[in-house]
Amino acid sequence: MIKLSDVTMQYPKSTRPALADLTLEIERGEFAFLIGPSGSGKSTFFRLLLKEDTPTSGDVWVGDYHVNKLRGRQVPKLRQSIGAVFQDFRLLQKKNVADNVAFALEVIGKPAGVIREAVPEVLDYVGLSGKADRMPHELSGGEMQRVAIARAIVNRPAVLLADEPTGNLDPETSEEIVEVIDRVNRRGTTVVMATHDRHIVDAMRRRVLEFDGGKLVRNDETGVYGIG
Ligand code: ADP
Ligand code: ADP
């Protein structure tokens, strides 16, 4: 589903590459954790998958897309096949919960009837039925992240990228959010989640990709966070 071959990302003016000679494969339906210290290249990895950056050398594939070869007008299609959630939720503060989710479908031109049906369904799926009319500032952090997940999956993307989705949440809420992401994965969506949370990684026993200084230093099929 995701494949990188000899990928190097060298930002201009930077002394060492953000990613160096990275080769890895994540199968369709897998759940992979991305771990490693701050600055090890995790966010760069996500940016390459979304074609927010183009690697200096090497090849990137996501699904059927040869990402580094994509032309500009194909990039929106790639991004539609990838859902993304972040530590800081990135909700639209002036829209309520339902409209935050609906907006993701409106911008890709889905008909109103489809949106009317899909939004309550996905809010129910992430455990937010009854909160459709709330504004983001009226929600707890966990609820905000549920909205972000609903928005990311409502178009049923093949891949969900989660960049430290529990970074702003307490341990109990973090567990609940991981349960939601796990449910999305079990439905067939390939998940890649960057995290510093050892408890989550140790509890889940899924693939662990560990980065250090832009290099892949560990690739365990069912790993733990480790001694790091
Ligand atoms: P992580 O997400 O693991 O914290 P990043 O991918 O953000 O790591 O960063 C990897 C390295 O690339 C760091 O050394 C960072 O300073 C550098 N880097 C990231 N983005 C840029 C950029 N736009 N320009 C220059 N250097 C960057
Ligand atoms: P599970 O296997 O976890 O029970 P299902 O795929 O059976 O999940 O979905 C349960 C309900 O949630 C169904 O009504 C389904 O249509 C809805 N649903 C699941 N994923 C989405 C999604 N991405 N967007 C909208 N509704 C969804």
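Reader: Leaving aside its neighbours within four places in sequence, which residues is Asp 53 in contact with?

Author: In this predicted model, and with the neighbours within four places in sequence left out, Asp 53 is in contact with Met 9, Tyr 11, Arg 47 and Leu 48.

Reader: And where is Asp 53 placed?

Author: Asp 53 sits in a loop, the one between α1 (42-49) and β4 (57-62).

Reader: Is Asp 53 buried or exposed?

Author: Asp 53 counts as buried, because its relative accessible area is 19% and the cut-off for buried is under 20%.

Reader: What does the side chain of Asp 53 make a polar contact with?

Author: One polar contact, of 2.7 Å, runs from the side chain of Asp 53 to the side chain of Tyr 11, and another, of 3.0 Å, joins the side chain of Asp 53 to that of Arg 47. Tyr 11 and Arg 47 are also among the residues around ligand 1.

Reader: Let's go there, then: which residues are around ligand 1?

Author: Around ligand 1 are Tyr 11, Arg 16, Ala 18 and Pro 37, then Ser 38, Gly 39, Ser 40, Gly 41, Lys 42, Ser 43 and Thr 44, and finally Arg 47. By kind, this shell divides into three nonpolar, six polar and three charged residues.

Reader: How far is Thr 44 from an oxygen atom of ligand 1?

Author: A polar side-chain atom of Thr 44 lies 2.6 Å from an oxygen atom of ligand 1. For Lys 42, a polar side-chain atom is 2.9 Å from an oxygen atom of the ligand, whereas for Ser 40 it is a backbone N or O atom that lies 3.1 Å from a ligand oxygen.

Reader: How much of the accessible area of ligand 1 does the protein cover?

Author: On its own ligand 1 has 560 Å² of accessible area, and the protein covers 62% of it.

Reader: What about ligand 2, which residues are around that one?

Author: The residues around ligand 2 are Glu 121, Val 122, Tyr 125, Ile 153, Val 154, Arg 156, Arg 183 and Arg 187. They divide into four nonpolar and four charged residues, with no polar ones.

Reader: Which helix gives the most to the shell around ligand 2?

Author: That is helix α4 (residues 112-125), which gives three residues to the shell.

Reader: And which polar side-chain atom lies 2.4 Å from a nitrogen atom of ligand 2?

Author: The atom belongs to Arg 187. Taken alone, ligand 2 exposes 550 Å², of which the protein buries 60%.

Reader: Changing topic, how many salt bridges does the count come to?

Author: The count comes to nine salt bridges. As background, side chains of opposite charge can pair when their charged atoms come close.

Reader: Which side chain does Glu 176 meet in a salt bridge?

Author: Glu 176 meets the side chain of Arg 146, at 3.4 Å from N to O. This pair links distant parts of the chain, with Glu 176 in helix α6 (residues 171-186) and Arg 146 in helix α5 (residues 141-153), 30 residues apart.

Reader: Is Arg 146 buried or exposed?

Author: Arg 146 counts as buried, at 14% relative accessibility, whereas Glu 176 is partly exposed, with a relative accessible area of 32%.

Reader: What does Arg 218 form a salt bridge with?

Author: Arg 218 forms a salt bridge with Asp 220, and their closest N and O atoms are 2.7 Å apart. Salt bridges that share partners also join Asp 182, Arg 186 and Arg 206 into one network.

Reader: How far apart are the closest N and O atoms of Asp 88 and Arg 90?

Author: They are 3.0 Å apart, and the two residues form a salt bridge. Asp 88 is partly exposed, with a relative accessible area of 45%, and Arg 90 is partly exposed too, at 47%.

Reader: One last topic: which residues of helix α3 are buried?

Author: In helix α3 (residues 97-106), the buried residues are Val 97, Ala 98, Asn 100, Val 101, Ala 102 and Leu 105, and they pack against α4 and α5.

Reader: What caps the N-terminal end of α3?

Author: Asn 96 does, with a side-chain oxygen that lies 3.2 Å from the backbone nitrogen of Ala 98.

Terms used:
Residues numbered from 1 in each chain as written. Chains lettered and ligands numbered in written order. Predicted model: local features only at pLDDT ≥ 70, side-chain atom pairs only at ≥ 80, totals over all residues. Heavy atoms only, no water. Near = heavy atom within 4 Å. Polar contact = N/O pair within 3.5 Å; in protein donor to acceptor, adjacent residues only side chain to side chain. Areas by Shrake-Rupley, 256 points an atom, 1.4 Å probe, with all protein chains shown as cover. Nonpolar A, V, L, I, M, F, W, Y, C, P; charged D, E, K, R; others polar. Salt bridge = Lys/Arg side-chain N within 4 Å of Asp/Glu carboxyl O. Buried < 20%, exposed > 50% of the residue type's maximum accessible area, 1.4 Å probe, protein only. Helix = DSSP H or I, 4+ residues; strand = E, 2+ residues; numbered from the N terminus. Contact = heavy atoms within 4.5 Å.
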